[in-house]
Amino acid sequence: GVGQVSYYLDGGSNMTGVRNTGNPLPNPDAIREFSAQTNNYSAQYGRNSSGVVTVLTKSGTNQFHGSAFEFFRDKNFNATIHNTASKLNYNQHRFGGTVGGPIVKDKLFFFFSYAGFRFISDNIFTTTTPSALMQQGNFAENMPTTGLTGAAACAKTVASTSTSFYACDPVTRTAYAGNIVPQSALDTTILAIAKAGLIPTPNPSQPGDSIYTRRDFSAYNEKTDEQLYKSDYQL
């Protein structure tokens, strides 16, 4: 739970004051060892009661050492998502490296680590929007099959759904002929917005889509860079 686990990095507290949880850690190639203690830990770890997570990073030595890594994922490695006709754009890179060595033999050492993350994907936003006819006040495609007219069609007992209903005059409580609302009865502001093309129209393209389904694809990008600089001096 939040605030019940203590996190340490190289002997110092690695907690964030905002959430009282652990901060992000360096990449795995920069970590020498870690431990997770859940009970019977010494008094130096008496901050919280639930557990202690301790991480130590690598240090330089008398010999130069380094490493490099990359984890790569692409849409060609993925399966096609359910109810989509093709694979979505997906590209992920996790890459970086480390290098460490002596500055003064047996006395002063350095260690450096870098890791980068690049991620690009397509997000699918699925919504329900009014058709082009509906935006013009034409609800002929929504005419129920009961065949009612006039005041009978607009009675409170008449069942309706979001796609099957009678278009009724709110003043006379009678149905418009052909389920079409005349232009003079439409709200001028909404009509102007519809004419300007600011209301999206449906674009059904996948199995299971209704005539009112709209799918939009939006690119999602994420980029992070991590660097670790460390020096050790042997007294």
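**Notes on the predicted model: pockets, strands, rings and a disulfide**

1. Start with the strands around the largest pocket: strand 5 (65-74), strand 6 (90-104), strand 7 (108-128) and strand 8 (213-233) each give at least two residues to its lining. Bear in mind that this is a predicted model. The pocket holds about 250 Å³ of space. Its lining is made of 15 residues, and those nearest the centre are Asn-27, Pro-28, Arg-94, Ala-115 and Glu-226. By type, the lining has eight nonpolar, three polar and four charged residues.

2. The second largest pocket comes in at about 180 Å³. Here 13 residues do the lining, with Lys-58, Ser-59, Thr-61, His-65 and Phe-111 nearest the centre. Strand 5 and strand 6 turn up again, each supplying at least two residues of the lining.

3. Strand 5 and strand 6 run antiparallel and are joined by 10 bridges; Asp-74 sits opposite Asn-91 of strand 6. Strand 6 and strand 7 are also antiparallel, with 14 bridges between them. Arg-94, which is among the residues nearest the centre of the largest pocket, has Phe-117 of strand 7 as its bridge partner. If you look at the hairpin of strand 6 and strand 7, you'll find three residues between the strands, and Asp-106 there has a positive phi near 70 degrees.

4. There is also an open sheet of four strands, in the order 2-1-4-3 and with mixed pairing. Strand 2 (12-13) and strand 3 (31-37) are its edges, each pairing on one side only. Strand 1 (residues 5-9) runs antiparallel to strand 2, and two bridges join them. Leu-9 has Gly-12 in strand 2 as its bridge partner.

5. On to the aromatics: the structure has nine aromatic pairs. Take Phe-112 and Tyr-229, whose ring centres are 5.1 Å apart; their planes make an angle of 45 degrees, so this pair is tilted. Phe-112 is in strand 7 and Tyr-229 in strand 8, so the contact ties together parts 117 residues apart in sequence.

6. A second pair worth a look is Phe-119 and Tyr-220: the centres are 5.9 Å apart and the planes at 70 degrees, so the rings are edge-to-face. Phe-119 belongs to strand 7 and Tyr-220 to strand 8, so parts 101 residues apart in sequence are tied together. Phe-119 counts as buried, with 13% relative accessibility, whereas Tyr-220 is partly exposed at 36%. Both belong to a cluster of ring pairs that also takes in Tyr-90 and Phe-117.

7. Last, the cysteines. One disulfide is found in the whole structure, and it joins Cys-154 to Cys-168 with an S to S distance of 2.1 Å. The link is left-handed, at -105 degrees about the S-S bond. Both cysteines lie in the loop between helix 2 (150-153) and helix 3 (188-195), so the bond ties together parts that are 14 residues apart in sequence. As for accessibility, Cys-154 is buried at 5%, whereas Cys-168 is partly exposed at 24%.

Methods. Residues numbered from 1 in each chain as written. Predicted model: local features only at pLDDT ≥ 70, side-chain atom pairs only at ≥ 80, totals over all residues. Heavy atoms only, no water. 1 Å grid on protein atoms, 1.4 Å probe; cavity = no way out; pocket = protein on both sides within 12 Å on 5 of 7 lines; lining within 4 Å. Points joined across faces, edges and corners; volume = space filled by probe spheres on them. Nonpolar A, V, L, I, M, F, W, Y, C, P; charged D, E, K, R; others polar. Disulfide = S-S within 2.5 Å. Buried < 20%, exposed > 50% of the residue type's maximum accessible area, 1.4 Å probe, protein only. Pairing = 2+ DSSP bridges. Phe/Tyr/Trp six-rings, centres within 6.5 Å; stacked < 30°, edge-to-face > 60°.
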